[in-house]
2 protein chains.
Amino acid sequence: MNVFIIHAHPEPKSLNGALKDLAVESLRDLGHQVQVSDLYAMGWKAVADGGDFHDRENPERMFYGRESKHAFLGGSQREDVVAEQEKLLWADAVILQFPLWWFSMPAILKGWFERVYAYGFAYGVGQHGGERWGDRYGEGTLLGRRALVSMTVGGREAHYTDRGVNGALHDVLWPIQHGTLFYPGMAVLEPFVIYQAGHLTPERWQVEAGRYRARLRGLFTEEPIPYRRQNGGHYDGQQSLKEGLGRGEAGTRIHLLQPGDPPQVPPGQP
Amino acid sequence: MNVFIIHAHPEPKSLNGALKDLAVESLRDLGHQVQVSDLYAMGWKAVADGGDFHDRENPERMFYGRESKHAFLGGSQREDVVAEQEKLLWADAVILQFPLWWFSMPAILKGWFERVYAYGFAYGVGQHGGERWGDRYGEGTLLGRRALVSMTVGGREAHYTDRGVNGALHDVLWPIQHGTLFYPGMAVLEPFVIYQAGHLTPERWQVEAGRYRARLRGLFTEEPIPYRRQNGGHYDGQQSLKEGLGRGEAGTRIHLLQPGDPPQVPPGQP
């Protein structure tokens with residue numbers, strides 16, 4: 001299978017760098033093909049702006065989304081953006097490797113999504129109108145691919161538990177895992193996290209490395225996070241979760257399938 | 001009072017640009033002093049990397065946090081970073097003006113926080129050790145300041161309600177409002193949001209502009225979001241919310257004060 005690793009750390013000798021290297025080696029040993037986008041090493045253009053468009057639809061006022069659509073449909077996207085879209089399409093699984101900075105991904109990776117996730121590619125896909133809000137959240141261009149967040153965290157695991165002061169990890173990662181990876185159709189696995197990353201002893205590294213190798217072996221067999229699909233029949237015409245679903249839960253967890261829920265309509269069906 | 005607006009949109013003629021201009025004018029009319037950091041216009045360096053440090057503590061391997069601490073304490077930070085820190089310290093209120101892109105702030109603004117929020121300035125502040133995890137979440141360098149997220153959203157409000165498919169707005173903004181603004185001590189107001197920003201008629205603009213002016217008039221009098229303070233007595237030594245608190249809620253909402261909760265220890269007391 002094909003695995004695409006998007007790596008976002010400025011220091012090659014970092015723990016993130018070691019995890020990226022470990023993944024490349026482990027995945028190749030397992031017989032997979034691997035491509036890596038090392039965003040810092042590539043000097044990735046992090047900022048989405050007018051420079052992304054050679055051929056502006058509206059030279060007077062830039063609407064980023066509209067220009068993105070125009071460039072995507074017209075074949076005038078920047079080469080760096082096209083190359084990353086091709087890697088996403090080539091991949092059977094996508095791994096994000098990054099340190100959690102201010103409870104989100106580093107700016108360089110955020111800017112990768114802003115530029116690579118073009119209108120028509122990652123959003124604005126499928127029929128819009130009436131009660132149909134496009135192919136998103138479990139449908140879309142990247143359907144059939146798996147996604148894994150592998151990240152390092154400075155703080156302690158206890159602070160990210162359901163009652164921890166930072167918020168539950170599931171909530172902290174909601175904009176990334178649900179809003180960015182599941183959105184264009186990828187099936188998202190539970191994240192791989194190394195906590196207290198600034199205090200990693202060689203002994204603990206051995207343990208964490210073993211734990212990561214095991215996750216990589218399960219990349220194509222693990223059960224993904226059971227997010228409900230937007231067009232699976234569980235949301236109404238206003239995209240609200242239908243009454244009677246998500247019982248006993250609140251917050252983002254109402255969007256997870258529960259035992260006993262009605263079956264979802266398979267992707268690609270109206 | 002002093003208001004600092006951090007503005008992150010590439011197009012001056014955009015709705016975000018108009019909201020920024022409206023805020024500057026309205027706030028000055030109200031007698032406030034205003035400073036604006038227009039990140040795109042400034043060509044803000046969005047990417048946190050080794051180039052942020054003139055005088056590396058460890059030239060062999062870059063730990064961003066440690067170098068940030070070294071530069072902050074040693075007075076060798078880059079001038080662009082120092083200038084932004086001074087604006088934060090000058091301010092009585094901070095407004096973030098941005099479009100919601102992939103359920104988060106634009107990369108250029110994310111990178112602003114990564115670089116300006118130095119170790120010793122915005123984190124790593126106060127006593128750490130034992131059951132004390134520093135001055136954060138309602139205490140810290142920016143205590144006494146207010147913060148307001150003003151943003152534009154392409155989607156519909158219904159999709160951001162408690163049962164909406166995008167997740168509740170409170171959850172989507174959790175990493176920003178709680179994890180980034182409340183973290184170093186700011187009191188966070190309810191966000192100001194314009195939905196369906198791509199379809200704004202002149203008539204609706206008049207309504208939204210009036211609504212924003214009203215929010216700006218309340219900038220120093222509105223009740224902030226009642227996040228619990230980390231050191232207010234509601235979390236235990238593992239930074240977990242104490243038993244009996246957050247009843248009837250789940251997810252990020254357990255971190256909001258409820259009627260009948262025991263009073264919190266005031267900031268700055270052990």
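Visitor: Let me start with strand 6 of chain B. Which residues lie on each of its faces?
Guide: On one side are B:R146, B:L148, B:S150 and B:T152. On the other are B:A147, B:V149 and B:M151. Both faces are covered, and the residues named are all buried. Keep in mind that this is a predicted model.

Visitor: How many residues of strand 6 of chain B are buried?
Guide: Count C-beta atoms around each residue. With 20 or more others within 10 Å, a residue is called buried. In strand 6 (residues 146–152) of chain B, 7 of the 7 residues pass, so the strand is largely enclosed by the rest of the structure.

Visitor: Which strands pair with strand 6 of chain B?
Guide: Look for bridges. Strand 3 (residues 93–99) of chain B is joined to strand 6 by 7 bridges, and the two run parallel. Here B:L96 stands opposite B:V149. Strand 7 (residues 187–188) of chain B is also parallel to strand 6, with 2 bridges. There, B:R146 has B:A187 as its bridge partner. B:T152 stands opposite B:I194.

Visitor: How does the chain get from one parallel strand to another? Take strand 1 and strand 2 of chain A.
Guide: Follow the path between them. Strand 1 (residues 2–7) and strand 2 (residues 33–38) of chain A run parallel, joined by 6 bridges. One pair to find is A:I6 with A:S37. From strand 1 the chain passes through helix 1 (residues 15–29) of chain A to strand 2. This β-α-β crossover is right-handed.

Visitor: What does chain B show for its strand 1 and strand 2?
Guide: In chain B, strand 1 (residues 2–7) and strand 2 (residues 33–38) pair in the parallel sense over 6 bridges. B:I5 has B:V36 as its bridge partner. Helix 1 (residues 15–29) of chain B lies on the path between the strands, and the crossover is right-handed.

Visitor: How many residues does each chain bring to the contact?
Guide: Chain A gives 55 residues and chain B gives 55 residues. On the chain B side, helix 5 (107–116) has the largest share, 6 residues. By class, that side has 26 nonpolar, 19 polar and 10 charged residues. 100% of the interface residues of chain B are also interface residues in chain A, so the copies meet through the same surface.

Visitor: Which residues have the most contacts inside the largest nonpolar core?
Guide: They are A:I108 and B:I108, in a core of 140 residues. Look around A:I108. Leaving out residues up to four places away in sequence, it touches A:A8, A:L39, A:Y40, A:W44, A:A46 and B:V47.

Visitor: One last feature. Where is A:Y137, and is it buried or exposed?
Guide: A:Y137 is in the loop between strand 5 (132–133) and strand 6 (146–152) of chain A. It has 24 C-beta neighbours inside 10 Å, so it counts as buried. Check its backbone too. Phi of A:Y137 is near 55°, a positive value in a residue other than glycine.

Key: Residues are numbered from 1 along each chain as its sequence is written. Chains are lettered from A and ligands numbered from 1 in the order in which they are written. This is a predicted model: local features need pLDDT of at least 70, side-chain atom pairs count only at pLDDT 80 or more; totals for chains, interfaces and linings use all residues. Two strands pair if DSSP finds at least two bridges between them. Helices (H or I, at least four residues) and strands (E, at least two) are DSSP runs, numbered from the N terminus. A crossover is right-handed if, with the strands pointing away from the viewer, the path from the first strand over the helix to the second runs clockwise. Two residues are in contact if their C-beta atoms, placed from the backbone, lie within 7 Å. Ala, Val, Leu, Ile, Met, Phe, Trp, Tyr, Cys and Pro count as nonpolar, Asp, Glu, Lys and Arg as charged, and the others, Gly among them, as polar. A nonpolar core is a set of buried Ala, Val, Leu, Ile, Met, Phe, Trp, Tyr and Cys residues joined through C-beta atoms within 7 Å. A residue is buried if 20 or more other C-beta atoms lie within 10 Å of its own, exposed if 12 or fewer, and partly exposed in between; C-beta atoms are placed from the backbone.
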